[in-house]
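My entries are below the display.

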Amino acid sequence: MAKTQSSPGASILEYLRRAATPFFLNLMFGMTMFAVAAINTYELKIILTYALVILTFFTDFMLIRSMGELAYKMKIAGDRKREGLPAGMTDGGADGYKPAKEYRPYKGFVIGAVASLIPVIFVIVDVTAHSTGARLAYSMIAGWAFWPVFNTSTSAHILFTLIPCAVMVVVSGVAYILGSNKEKLRQFALKQREEEVAKAKSKGAKKR
């Protein structure tokens, strides 16, 4: 039977790689929120901030849902490997199957947690060191978590910025699972169609 167990190092690298894209997307949205913070009209600032928050999480959702779809395809390939069959996935002519990329229900939540790691580190530094520089860096590097809170209230406690991080984890986990379910349904429909075609061919052969 083919080996389909991923090593801890490969799994960690895969989480970091998967979390990198949503992190940089969130970085860009956060920088936009940083610019919005300079708007003097409170109502306009709030509307734009939360519109950007919604757009941030929607973009993350769509991205991570596609990761879930790919991960389920990898799981199907892994199942084939475990049955001693060809995985059916190629990457530039080579075997494209990687055990670390296989779907597991918890992986989306882990990806969201890794993408939220920088804000959490900044919160810990802020609470322990009360560093103005760290807070400024936080507002620039992870503004997607910082500005929804501080554009709402400049006197808010820094711990409230963990709320967007928690939302990120939930959105990522749900999107990943929904992506896998979408691919599962596609695979089911494909299998049914193949069975129907096989039955039709079988009936045609019997008539002859």
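The entries take helix contacts, then the cavity.

I worked from a predicted model, where local features need pLDDT of at least 70, side-chain atom pairs count only at pLDDT 80 or more, and totals for chains, interfaces and linings use all residues. Residues are numbered from 1 along each chain as its sequence is written, and side-chain values use heavy atoms, without hydrogens and water.

Entry 1. I looked up α1 (residues 8-36) against α3 (residues 107-115): the axes come within 8 Å and cross at roughly 60°. That makes α1 oblique to α3 (under 35 degrees is roughly parallel, over 145 roughly antiparallel, 65 to 115 roughly perpendicular, the rest oblique). The contact (heavy atoms within 4.5 Å) joins Tyr 15, Leu 16, Arg 18, Ala 19, Pro 22 and Phe 23 of α1 to Lys 107, Val 110, Ile 111, Val 114 and Ala 115 of α3. By class I have nine nonpolar, no polar and two charged residues in the contact of α1 with α3.

Entry 2. I found α1 packing on α6 (residues 143-150) at about 30°, with the axes 8 Å apart. Asn 26, Leu 27, Gly 30, Met 33 and Phe 34 of α1 meet Gly 143, Trp 144, Trp 147 and Pro 148 of α6.

Entry 3. I noted one cavity of 30 Å³ or more (on a 1 Å grid over the protein atoms alone, a set of points where a 1.4 Å probe fits but cannot get out; lining residues have an atom within 4 Å of a point). The largest cavity holds about 90 Å³ of space (the volume filled by probe spheres set on the points). Its lining includes Glu 14, Met 67 and Tyr 176.

Conventions: Axes are lines fitted to C-alpha atoms, for helices over the stretch in contact, and angles run from 0 to 180 degrees between N-to-C directions. Helices (H or I, at least four residues) and strands (E, at least two) are DSSP runs, numbered from the N terminus. Ala, Val, Leu, Ile, Met, Phe, Trp, Tyr, Cys and Pro count as nonpolar, Asp, Glu, Lys and Arg as charged, and the others, Gly among them, as polar. On a 1 Å grid over the protein atoms alone, a cavity is a set of points where a 1.4 Å probe fits but cannot get out, and a pocket is an open set with protein on both sides within 12 Å along at least five of seven lines; lining residues have an atom within 4 Å of a point.
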